[in-house]
Amino acid sequence: MVNYSLMQHSSDNRDFKGRKDGLTDKPVSGPSPVDVHVGGRIRLRRTLMGLSQERLGDALGLTFQQVQKYERGTNRVSASRLYELSEVLDVPVSFFFDGLDSGQAGSKATNAIPGFAQAQEAFGGAPEGAAPASEIALFSRRETIELVRIYYRIEDPAMRRRVLDLIRMMAPPE
């Protein structure tokens, strides 16, 4: 029997260190890898749009501290808040889960229940065009985001091409 009083974490974003997860009875320590991933995607998109945590918080009716907690994964983002974030950040809700490795979620529950969900491999593995984890980490770096933002501020397409050619010449061959 599941004790639903332990499952309050989905709505009140409290700290759960030392408690047991209501579904698995496993001890919960620190933020979930999924929450950390979603928070990183929020930070990535906010930074790409040139928004501060304060401006994003204002758009959502939150403090910048709450946005900070979402981005670190210390507070879980509810479904309705995720929808609001997708509207404000102009991305589909699925954006926040892009690049999430099924092993990163730390749950094998969907594969353990026959008929509930099928293993991803049964449908040909990872989605076509999915970026590898190392590439996702690269695009999450502040320096990469800043470089892309500045690059696209160059209005002249010919000048952008010349900048790209210059960078290619400076980099060692692959």
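How many salt bridges does the count come to under the rule that a side-chain nitrogen of Lys or Arg lies within 4 Å of a carboxyl oxygen of Asp or Glu? By this rule the count comes to five salt bridges. The structure is a predicted model, in which local features need pLDDT of at least 70 and side-chain atom pairs count only at pLDDT 80 or more, whereas totals for chains, interfaces and linings use all residues. Residues are numbered from 1 along each chain as its sequence is written, and side-chain values use heavy atoms, with hydrogens and water left out.

Among these salt bridges is that of D35 with R76, at 3.0 Å from N to O. This pair links distant parts of the chain, with D35 in helix α2 and R76 in the loop between α4 and α5, 41 residues apart; helices here are DSSP runs (H or I, at least four residues), numbered from the N terminus. D35 counts as buried at 13% relative accessibility, and R76 counts as partly exposed at 27%, where buried means under 20% relative accessible area, exposed over 50% and partly exposed in between (1.4 Å probe, protein chains only). The side chains of R46 and E71 also meet in a salt bridge, at 2.5 Å from N to O, and this pair joins helix α2 to helix α4 across 25 residues. R46 is buried at 9% relative accessibility, and E71 is likewise buried at 9%.

E71 also takes part in the packing of α3 (residues 53-60) on α4 (residues 64-72), the contact (heavy atoms within 4.5 Å) being made by Q53, E54, L56 and G57 of α3 and F64, V67, Q68 and E71 of α4. The two axes, which are lines fitted to C-alpha atoms over the stretch in contact, come within 8 Å and cross at roughly 105°, with angles running from 0 to 180 degrees between N-to-C directions. The helices α3 and α4 are therefore roughly perpendicular, a term that covers angles of 65 to 115 degrees.

In helix α5 (residues 79-88), the buried residues are R81, L82, L85 and S86. They cover an arc of only 145° around the axis, taken from the directions from the helix axis to the C-beta atoms, and so lie on the same side of α5. What covers these buried residues includes α2 (33-48), α3 and α4. R81, with a relative accessible area of 18%, forms a salt bridge with E84, the closest N and O atoms being 2.9 Å apart.

Technical notes:
Helix = DSSP H or I, 4+ residues; strand = E, 2+ residues; numbered from the N terminus. Parallel < 35°, antiparallel > 145°, perpendicular 65-115°, else oblique.
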